[in-house]
Amino acid sequence: MRKTLAVLASLWVSIASSSGQAPSATDLHSDDGERPNVILILADDLAVGDLSHRNNGLTRTPNLDRLATQSVRFRNAYSGSCVCAPARAALLTGRYPHRTGVVTLNQERYPDLTRLRADETTIANALSDRGYATGLVGKWHCGMGEKYHPLRRGFDEFAGFIGPNTYRRYRLDVNGMVSEANEGYLTEELTDRAVDFVRRHQDHPFFLHLAHYAPHRPLEAPEEVVRFYQEQGFDESTATIYAMVEVMDRGIGKLLDELKQLKLDSRTLVIFASDNGPDPLTGERFNEGRRGTKYQIYEGGIRIPLFLRWSGKIEPGDRDTPAHFVDLFPTIVEACRLDYETSLLLDGVSLLGLLDDNSVLSQRSLFWQWNRGLPNYTHNAAIRDGGFKLIRPYVTRTANPKDSRQSPQLFDLTKDETEQNDVSAKHPQRVNEMLRQLDQWSRNVERDRVRKSKGR
């Protein structure tokens with residue numbers, strides 16, 4: 001069945017009708033009919049607790065703090081996965097990562113499990129096909145090989161690093177041409193390229209995906225910034241991570257200042273998020289007491305910051321409605337008023353109406369699952385349904401784990417956001433129903449994952 005993305009607004013209105021009065025998204029469209037630019041900024045392994053306004057000043061992130069005050073902030077925002085490659089696939093397609101074919105991490109060991117399927121439509125495809133200049137600066141991680149290169153997936157321009165890297169010496173792929181042994185500081189290089197993209201395309205609609213590497217390993221940052229955090233009493237690992245975040249924040253500030261200087265603020269939808277929670281291999285750091293880390297589908301692994309700013313179009317404020325990476329594709333499509341068709345099921349819904357007021361979407365279930373290698377849905381899987389979250393517990397990071405026999409856990413996030421109290425014994429019927437939904441979802445996305453590809 002073909003779905004026209006231009007009618008997502010009316011579909012969203014019907015979904016939101018349970019709030020009593022559906023919000024109007026038309027107010028967010030430009031008065032002069034001009035389509036907005038879109039800048040989608042993604043950090044890598046950034047925890048919610050890494051931001052100064054969330055950690056009582058442990059870090060210095062004034063530009064992201066400022067962006068937060070100017071944005072609609074989703075307080076219950078989730079990545080598409082607890083690891084980066086599947087999360088990015090969900091972000092770019094509006095579909096759960098299993099459907100896209102990107103289910104694990106190591107591109108060299110699992111090339112077939114880290115490639116975005118050829119028949120998937122990315123947000124860059126949708127925007128490029130409708131006249132937007134599209135650019136990716138930074139991390140791709142959705143497929144190695146010419147067929148899966150960003151330039152074949154809707155991006156007109158690509159300037160990204162090729163791993164493994166250090167932040168001081170790195171290889172860059174610039175529109176398919178590889179340059180070796182670049183020196184400087186990678187985060188600053190990506191900032192400069194992002195600013196250059198905006199300057200070059202300021203006179204017509206553009207989509208820029210700035211996918212930072214920071215604060216992903218290897219841990220490297222300017223010594224003077226690291227020293228500042230060490231003097232505050234942090235160990236070397238945490239001090240370096242905070243320094244990496246600070247340098248990224250400076251660069252984001254530079255990009256936002258450029259928008260203001262070019263008078264593009266009111267014409268640009270800016271989105272900021274992180275791909276997953278903090279890496280446990282770098283040590284423990286503040287994350288508001290959330291259980292779990294990257295690799296795990298507990299809140300610490302999948303709960304992320306999510307800010308959407310459209311200056312002069314949306315009033316800043318908090319939203320409690322759960323939002324998921326799969327929602328960003330339809331949100332951008334509606335904001336840019338694209339008459340775009342796809343034969344593939346979208347898992348997300350447009351959040352555009354929620355940017356205009358704090359209406360509540362009708363209840364829906366959200367899903368996650370990850371393990372290294374081929375998917376095993378008995379392991380590290382979760383469903384959130386309203387305030388309840390059911391988990392098939394994390395077992396191991398080893399590849400292709402055997403079926404898990406661990407009992408499911410149930411948490412009431414309205415009372416226990418840190419997931420400390422398993423209430424499954426008190427709600428056996430809810431456990432059974434949520435397990436049924438999770439099983440049904442698992443079978444559905446797995447069938448989609450192994451479908452025959454028709455190409456795009």
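A cavity here is a set of points, on a 1 Å grid over the protein atoms alone, where a 1.4 Å probe fits but cannot get out. Grid points are joined across faces, edges and corners, and a volume is the space filled by probe spheres set on the points. About 40 Å³ of space lies in the largest cavity of this structure. The model is predicted: local features need pLDDT of at least 70, side-chain atom pairs count only at pLDDT 80 or more, and totals for chains, interfaces and linings use all residues. Residues are numbered from 1 along each chain as its sequence is written, and side-chain values use heavy atoms, with hydrogens and water left out.

**Confidence**
- The protein chain has an average pLDDT (the predictor's confidence in each residue, from 0 to 100) of 91, and 92% of the residues score at least 70.
- Residues 1-26 stay under 50 in pLDDT, and the model gives them 51 contacts (heavy atoms within 4.5 Å) beyond four places in sequence.

**Cavity**
- One cavity of 30 Å³ or more is counted.
- The largest cavity is lined (an atom within 4 Å of a point) by Thr93, Arg95, Glu120, Thr121, Phe329, Thr342, Leu344 and Leu346.
- That lining comprises three nonpolar, three polar and two charged residues, where Ala, Val, Leu, Ile, Met, Phe, Trp, Tyr, Cys and Pro count as nonpolar, Asp, Glu, Lys and Arg as charged, and the others, Gly among them, as polar.

**Sheet and helices**
- Helices (H or I, at least four residues) and strands (E, at least two) are DSSP runs numbered from the N terminus, and two strands pair if DSSP finds at least two bridges between them.
- An open sheet of 10 strands with mixed pairing runs in the order S8-S7-S6-S5-S9-S2-S10-S11-S3-S12.
- Its edge strands, S8 (177-183) and S12 (317-319), each pair on one side only.
- Neighbouring strands are turned by 15° against each other on average, direction ignored; axes are lines fitted to C-alpha atoms, for helices over the stretch in contact, and angles run from 0 to 180 degrees between N-to-C directions.
- Helix H4 (residues 84-93) packs on the sheet, touching S2 (37-43) and S9 (206-211), with its direction at about 170° to that of S2.
- Strands S10 (residues 268-274) and S11 (residues 306-309) run antiparallel and are joined by four bridges; Val270 has Arg309 as its bridge partner in S11.
- Helix H11 (residues 328-335) lies across S2, S10 and S11, at about 175° to S10.

**Backbone geometry**
- Most residues other than glycine have a negative phi, and most peptide bonds are trans.
- The Ala214 to Pro215 bond is cis, with omega near -5°, and the bond joining Arg217 and Pro218 is cis, with omega about 5°.
- Pro215 is in the loop between S9 and helix H8 (223-231), and Pro218 is also in the loop between S9 and H8.
- Ala181, in strand S8, has a positive phi of about 50°.

Key:
1 Å grid on protein atoms, 1.4 Å probe; cavity = no way out; pocket = protein on both sides within 12 Å on 5 of 7 lines; lining within 4 Å.
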